[in-house]
Amino acid sequence: MAELEKGLADFCDSKYCITCCSCTIGLLLSLMAIDLQPGDEVITSPFSFIAAAEMIALLGAKPVFVDITEDTYNLDVSKIEEKITSATRAIMPVSIFGQPADMDEINTLALKYDLMVIEDAAQSFGALYKEKKSCNLSHIGCTSFYPSKPLGGFGDGGAIFTSDEKLASKLRRLMNHGQTDGTYSHQLIGLNGRMDAMQAAVLNVKLKYYSREIEKRQQVANIYTELLKDSKTIIPPKINSDRTSVFAQYGIRVKNREAILEMMRKKALPYAIHYPRPIYQQQAFKYLEERAANYPLAEQVCQEILCLPMWSGVDKTEQKKLVEFIIGVVERIEHS
Ligand SMILES: *Cc1c(COP(=O)(O)O)cnc(C)c1O
């Protein structure tokens, strides 16, 4: 485990890495480490997997959503400040689909209002933001090694990164029942969030090849983007010039998605919808009584997003067939 933690920390140029059993638990431990209290508020994205908002709520705090941008689907930083109150404790940006958010602006706001910034980097391990690695862009970063993530193990796994020594030591204790490793001296109420040794062995090997893996994912993405370049209506992912994506997802946006999906299903063509609805629309968060009208872009992107097969070994001819099929369907719908 120590070898993997050192390898992961070095990969991110982060001082400390604490491996754990999943990103979800990493996010929970991070919120526990900053001493989040019931009634506190944490700002996060409504266009994501539920984990960040869920862990905030699990601790009795309130997830406060900010709408996303139209091009990268990350938090719209121009809308964060209006949501900061005296109860706000932290901002949890999600590096959605593998591309970091506007972290400089987020960190500047955090400094101004004395907030912690915890990056949900479950999808972005290895991505760059102004030459710096995702997971090392704020006070704390958490990532996932779930098999479908860019760096996947053979089962669940995660890691927490920080360069703050105090936070690192607290996170390590919280992860292992609040004790200083193996001493049965428990200073904090924690939990068992340990990574399985089998996952560590797998990840230790896979990490050695991960830079090449990222390049291959980016090549697959570039091929999709090239194939889509003449389409006037299909919107490919936009990656800002000062950062990179590791393409956890390659999500295009289309109008009339349901009609397209119906045709794709008929041909048994692969696709995925990340995400079918904003987090506040989930039954579990109905109690927040959020209004869709306050998040027009999260609503729109959830209606239009369509994710294409994405891993380092996607076959070029399959990509071409798939994109040509989608373009054909889109054109037929437009002319009917
Ligand atoms: C997958 C994912 C998580 C959860 O990761 P686990 O390791 O499965 O707990 C959290 N946030 C985002 C954005 C994810 O995509």
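Predicted model: local features only at pLDDT ≥ 70, side-chain atom pairs only at ≥ 80, totals over all residues.

So, which residues lie nearest the centre of the largest pocket? They're Q123, Y146, S148, K149 and Y275, out of 26 residues in the lining. Residues are numbered from 1 along each chain as its sequence is written, and side-chain values use heavy atoms, with hydrogens and water left out.

By pocket I mean an open set of points on a 1 Å grid over the protein atoms alone, where a 1.4 Å probe fits, with protein on both sides within 12 Å along at least five of seven lines; lining residues have an atom within 4 Å of a point. The largest pocket comes out at about 510 Å³, volume being the space filled by probe spheres set on the points, which are joined across faces, edges and corners. Two elements give two or more residues to that lining, α2 (23-33) and β11 (305-308), and α2 has the largest share, with three. Helices here are DSSP runs of H or I, at least four residues, and strands are runs of E, at least two, numbered from the N terminus.

Now the ligand. The space it takes is that largest pocket, in the sense that more than half of its atoms lie within 2 Å of the grid points. There are 14 residues around the ligand, and T24, D120, Q123, S144 and K149 come nearest; a residue counts as near if one of its heavy atoms lies within 4 Å.

On to polar contacts, meaning pairs of N or O atoms within 3.5 Å. A side-chain N or O atom of T24 is 2.5 Å from a ligand oxygen. For K149, a polar side-chain atom lies 2.7 Å from an oxygen of the ligand, and C23 brings a backbone N or O atom to 2.9 Å from one. The protein covers 92% of the 380 Å² of accessible area that the ligand has on its own, by Shrake-Rupley with a 1.4 Å probe.

Last, the second largest pocket, with about 180 Å³ of space. Helix α10 (residues 316-334) gives the most to its lining, five residues. Among the lining residues you'll find Y224, P309, E318 and F325.

Note on methods:
Polar contact = N/O pair within 3.5 Å; in protein donor to acceptor, adjacent residues only side chain to side chain.
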